[in-house]
Amino acid sequence: MNTKNWLIGVVGVALYLTANATGAQGRRMEGDLDVIPVRDDIYLMVMEPAGNVAVLIGEDGALMVDDQFAPMTERLLSAIDELSDRPLRYVLNTHWHGDHTGSNVNLGRMGYTLVAHDNVRSRMSSVQYHMLFRTGTRPHPPEALPVITYGDRMSFHLNGERIDVIHLPVAHTDGDSAVYFREADVLHTGDAFINRGYPLIDVASGGTIKGQIEATNRMLELIGDNTIIIPGHGPLADKRRMTEIRDMLVTARQKVVGLIDQGLDVRAIKAADPLAELNPVWEEGFIKSRAFVNIIYQSETGDWSVPTEDEIKRWDE
Ligand SMILES: [Zn+2]
């Protein structure tokens with residue numbers, strides 16, 4: 001398929017670079033797909049830097065949550081084959097980013113049923129922008145688009161499980177779903193929650209820091225002390241860890257907003273290093289302190305502009 005459809009998003013760009021490099025890094029795509037039992041008939045499938053995939057298996061057939069990058073389609077399908085003699089039936093995307101929807105085009109062509117929030121379909125149908133790299137994504141081919149979409153919430157009833165899919169209206173994007181397997185007490189959060197340092201919040205796709213905090217609070221209300229959390233990226237987590245990350249988001253936002261309220265512009269705010277106290281613990285992922293300050297600034301002030309067509313074309317070359 002067209003590489004541009006899956007090279008998108010922060011980790012998408014990282015994988016695009018490694019997939020196109022020669023030598024050791026070029027073999028990255030041939031790495032192992034780790035299959036980790038979570039609880040009951042739910043499994044986590046991981047191959048970084050793509051988003052975490054969850055699979056529920058059983059007599060009724062399998063449900064997959066997120067589907068990595070296009071080159072991983074066969075690997076995901078054969079992993080499901082090894083777990084179960086029943087076929088894959090539904091593929092749910094937690095949001096539109098390429099590291100969670102990259103296999104859609106292949107799976108759609110094979111006839112699997114793609115499901116997501118309304119805004120996932122509309123964003124995948126039109127040009128999207130990536131502020132961090134000043135680039136964009138072209139509209140996806142029709143086969144890659146979810147064929148069932150929902151507004152506020154929906155449920156699957158499959159394999160003795162009730163799976164609630166809940167729209168988090170403003171978080172990492174404006175089309176995020178939290179996916180709660182009620183019987184197993186397992187929550188897949190998509191990128192509305194990541195367990196790896198500062199999060200990317202996609203302001204061009206309608207995400208805000210305030211919304212990410214509210215979405216995290218909403219998920220905290222939904223779950224209990226025994227819930228296993230599958231984050232969009234990073235290792236499995238629990239309520240205590242999610243609370244810790246929520247507190248970090250609240251602190252980071254307060255620190256940046258304090259400087260915005262003093263009238264500082266984004267350069268001065270970055271120079272003041274407002275997250276200095278948090279960095280030793282939290283600057284561990286792809287999003288560095290300055291980038292996170294920028295994200296908070298943009299989402300609080302609305303002071304940002306989408307990449308120009310020229311900037312996007314440079315990425316097409
Ligand atoms: Zn994402």
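Q: What makes a set of residues in this predicted model a nonpolar core, and which members of the largest one touch the most others?
A: A nonpolar core is a set of buried residues of nonpolar kinds, such as Val, Ala and Phe, joined through C-beta atoms within 7 Å. The largest such set here has 75 residues. Val55, Ala62, Met64, Leu92, Ala178, Phe292 and Ile296 touch the most other members. In soluble globular proteins, nonpolar side chains tend to be buried together.

Q: Which residues is Val55 in contact with, leaving aside its neighbours within four places in sequence?
A: Contact requires C-beta atoms within 7 Å. Val55 is in contact with Tyr43, Met45, Ala62, Met64 and Ile80.

Q: What makes β1 and β9 the edge strands of their sheet?
A: The open sheet of seven strands has the order β1-β2-β3-β4-β5-β6-β9, with mixed pairing. β1 (34–39) and β9 (148–150) each pair on one side only, and they are the edge strands. Neighbouring strands of this sheet are turned by 25° against each other on average, direction ignored.

Q: How do you know that β2 and β3 pair?
A: Pairing requires at least two bridges between the strands. Four bridges join β2 (residues 42–46) to β3 (residues 53–56), and therefore the two strands, which run antiparallel, count as paired. Ile42 stands opposite Leu56 in β3. Helix α2 (residues 73–83) packs on this sheet, touching β1, β2, β3, β4 (62–65) and β5 (88–92). The direction of α2 makes about 150° with that of β2.

Q: Why is one side of β10 and of β14 left without a neighbour in the sheet?
A: The five strands of this open sheet follow the order β10-β11-β12-β13-β14, with mixed pairing. β10 (153–158) and β14 (228–230) stand at the edges with a single partner strand each, so one side of each has no neighbour in the sheet. β10 and β11 pair in the antiparallel sense over six bridges, and Arg162 in β11 is the bridge partner of His157. Helix α6 packs on the sheet, touching β11, β12 and β13, and its direction makes about 10° with that of β12.

Note on methods
Residues numbered from 1 in each chain as written. Predicted model: local features only at pLDDT ≥ 70, side-chain atom pairs only at ≥ 80, totals over all residues. Axes fitted to C-alpha atoms, helices over the stretch in contact; angles between N-to-C directions. Contact = placed C-beta atoms within 7 Å. Buried ≥ 20, exposed ≤ 12 C-beta atoms within 10 Å, placed from the backbone.
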